[in-house]
Amino acid sequence: MSTSDLTVSILEGLGGIENIESMSNCKTRIRVEVNDIEKVKQEDLKSIYGVIGVVPFGSQVQIILGQQTEEIAEVFFNKLKIKNENK
């Protein structure tokens, strides 16, 4: 699965681009603050090839992606048109 396809699948699992309030990342995971946690499809996210794990915490969802995290996060920041504060 390409990085772009993986990003689209993750966005769909998170309830769409309009459900994302903010996002950050570290070396192994992206952290997404969502507007409505009920719209997040955790099982769909867990079944995406390339997703190692999903950890919900309040209105935040952490998606564990391993070594490909930074590349995927950059695609997310571009799609969401937000600045990557990690750089």
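Which residue stands opposite Gln60 in β4? Phe57 does. The close-ups below come from a predicted model, in which local features need pLDDT of at least 70, side-chain atom pairs count only at pLDDT 80 or more, and totals for chains, interfaces and linings use all residues. Residues are numbered from 1 along each chain as its sequence is written, and side-chain values use heavy atoms, with hydrogens and water left out.

**View A. The open sheet has four strands in the order β1-β2-β4-β3, paired antiparallel.** β1 and β3 (53-57) are the edge strands; each has a single partner, so one side of each lacks a neighbour in the sheet. On average, neighbouring strands are turned by 20 degrees against each other, direction ignored. α3 packs on the sheet and touches β1 and β2; its direction makes about 150 degrees with that of β1. Strands (E, at least two residues) and helices (H or I, at least four) are DSSP runs, numbered from the N terminus. Strands pair if DSSP finds at least two bridges between them. Axes are lines fitted to C-alpha atoms, for helices over the stretch in contact, and angles run from 0 to 180 degrees between N-to-C directions.

**View B. Five bridges join antiparallel β3 and β4.**

**View C. Val34 lies in strand β2 (residues 29-34).** Val34 is buried, at 4% relative accessible area. Buried means under 20%, exposed over 50%, partly exposed in between (1.4 Å probe, protein chains only). Beyond neighbours within four places in sequence, Val34 contacts Leu14, Asn19, Glu21, Val40 and Ser59. Contact means heavy atoms within 4.5 Å.
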